[in-house]
Amino acid sequence: MQVLSGTRRPVRQPAASCLREHGTRSIRYAIYVFHSTRCHVCRHSRHSGPCCILFSHSTFWLRKQHAMLSLLSRSSTPHSPFRAEPSSNNRTLPLLLAAVHCLCCCCNRCPAAAPQQEQRSSLIPETMQDLAADTDLQATLAAIAAKGQQQLTREEARARKRSLQGLGLPGFEQKLQGFGFEPLRRQQCTTLQLNIGLYCNQACSHCHVESSPARSEMMQQQTAQRCLQLMAGSEDVACLDITGGAPELNAQFRYLVREARALSSSLEIIDRCNLTVLCEPGQEDLAEFLSEHRVRVVASLPCYGQDNVDKQRGRGVFERSIEGLRMLNAVGYGQPGSGLVLDLVYNPGGAFLAPSQAKLQPAYKQELAQIYGIQFNSLLCLNNMPIKRFADYLIRSSTLSDYMALLVENFNAAAVPALMCHQTLSVAWDGRLYDCDFNQQLDMPILGAEKTAQQQQQGHAIGRETGLTVWDVESLDEVTGKLVRIASHCYGCTAGAGSSCTGATA
């Protein structure tokens with residue numbers, strides 16, 4: 001039995017015939033037969049005898065070659081022939097093992113044996129339990145109920161401003177002026193970013209949009225249709241960037257992807273994916289859907305270690321994330337020559353700056369490939385923005401001033417020209433227009449012509465500002481030239497190597 005390149009489900013045929021017909025390079029998974037007490041794919045210790053495991057590459061480099069050869073030679077499984085091809089390199093040995101008759105995977109948690117697994121349950125009940133047990137979050141929810149979301153947002157903005165003033169540090173506008181920059185203005189829109197809802201199966205501690213299963217805000221179809229109309233009328237938009245929440249759990253997600261791909265075969269479509277959504281009931285065909293429409297997947301994985309990921313993103317998230325990555329690899333994502341791009345996103349687990357992408361990416365690639373057999377294209381490193389849940393954490397830990405000082409001290413003028421607010425137009429689930437996703441969460445919409453430049457730079461007005469919506473403009477060109485609304489949180493995008501939805505900017 002073999003799984004052939006370009007297929008998702010196992011195709012039963014003699015291994016030798018498969019090798020002759022397709023060649024070893026075209027085989028995405030080979031079956032490895034051995035005695036073991038630990039699954040060599042998912043590292044889960046539940047094997048009790050001979051076991052066949054599907055790997056993500058036709059050849060798997062095993063560092064402890066003598067131990068593995070000894071292990072394989074003791075296999076008592078009948079009908080489990082294998083072929084070992086020694087390498088000239090005495091440190092490693094490529095093994096291609098092919099089972100002829102049967103598949104008997106004893107590890108029911110191993111994502112590589114997905115066709116034989118029972119359907120996973122939803123992550124949402126666990127997330128809701130964690131939310132209920134999170135005393136800090138419950139306190140925030142009580143404050144929202146008492147004061148309202150807009151009032152808390154204004155208080156958060158004042159706290160950031162006070163922290164800078166207390167340290168004698170300049171506001172972001174003053175910083176730009178000190179480096180000789182003119183007020184930031186919007187350029188032609190090349191990326192249309194849609195936040196289609198705040199509903200999510202996770203509730204990450206750093207989430208700047210405060211998503212969770214408890215959120216109900218969702219984009220409606222008429223708003224999605226209007227966004228497509230505006231995009232179709234613009235020759236400059238080269239990218240449709242769909243985010244959330246977990247955007248795939250919104251009914252408009254697949255509609256937007258299908259219609260956008262129908263509009264243009266060359267349009268880049270991005271799905272900002274949390275990976276665990278691929279394991280949610282009803283999303284079994286998501287990986288195939290994304291590959292069919294050639295969607296670029298930008299997936300969150302803030303670390304290649306389980307403890308750090310689960311601490312930041314919730315119980316069981318790492319295991320499901322690895323399973324989701326395997327699903328994407330299985331349909332071609334991250335594989336050389338497939339044209340299906342899989343990028344991962346790193347963000348710090350605390351009040352420090354993101355490291356260099358160029359230095360961290362090799363470590364990610366090595367760890368994920370060697371331990372889990374996972375491939376991806378690029379790593380994007382983002383700074384944590386001092387807003388919403390991460391701001392709450394900073395305030396609770398009395399480190400807001402320290403973090404703001406860190407951002408200011410590491411201001412990088414080279415990151416300013418590439419700030420995403422120049423060419424990205426952010427659309428909220430309700431159709432309101434923003435310079436970026438961060439301004440969206442801080443209720444800083446793009447204002448109409450009747451507002452003065454001074455009002456646009458103030459950051460927050462009394463009460464919620466209406467701002468422009470997709471229904472107020474006939475063309476995306478109408479926002480070109482408008483002043484970008486800035487405030488102290490913008491330091492997060494200019495610190496270190498710079499930070500944006502596309503990673504480092506300097």
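Trainee: What is the accessible surface of the chain, and how much belongs to carbon and sulfur atoms?
Mentor: The accessible surface comes to about 21,800 Å², and carbon and sulfur atoms hold 50% of that. The areas come from the Shrake-Rupley method with a 1.4 Å probe, and for residues only the protein chains shown count as cover. This is a predicted model, where local features need pLDDT of at least 70 and side-chain atom pairs count only at pLDDT 80 or more, while totals for chains, interfaces and linings use all residues. Residues are numbered from 1 along each chain as its sequence is written, and side-chain values use heavy atoms, with hydrogens and water left out.

Trainee: What makes Ser398 count as exposed?
Mentor: Buried means under 20% relative accessible area, exposed means over 50%, and partly exposed lies in between (1.4 Å probe, protein chains only). Ser398 has 62% relative accessibility, so Ser398 counts as exposed. Ser398 is in the loop between α13 (388-396) and α14 (400-409), and its phi is positive, near 55 degrees, in a residue other than glycine.

Trainee: Why is Asp443 called buried?
Mentor: Its relative accessible area is 11%, therefore Asp443 is buried. Asp443 is in the loop between α15 (437-441) and α16 (453-457). Phi of Asp443 is also positive, near 55 degrees. In the chain, buried residues make up 54% of the 506 residues.

Trainee: How many helices and strands does the chain have?
Mentor: The chain has 17 helices and 15 strands. Helices (H or I, at least four residues) and strands (E, at least two) are DSSP runs, numbered from the N terminus.

Trainee: At what angle do the axes of α7 and α8 cross, and why is α7 called roughly parallel to α8?
Mentor: The axes of α7 (residues 221-232) and α8 (residues 252-263) come within 11 Å and cross at roughly 20 degrees. Angles under 35 degrees count as roughly parallel, over 145 as roughly antiparallel, 65 to 115 as roughly perpendicular and the rest as oblique. The crossing angle therefore makes α7 roughly parallel to α8.

Trainee: Which residues of α7 and α8 make the contact?
Mentor: Contact means heavy atoms within 4.5 Å. Among the residues that make the contact are Leu228 and Met231 of α7, and Tyr255 and Leu256 of α8.

Conventions. Axes fitted to C-alpha atoms, helices over the stretch in contact; angles between N-to-C directions.
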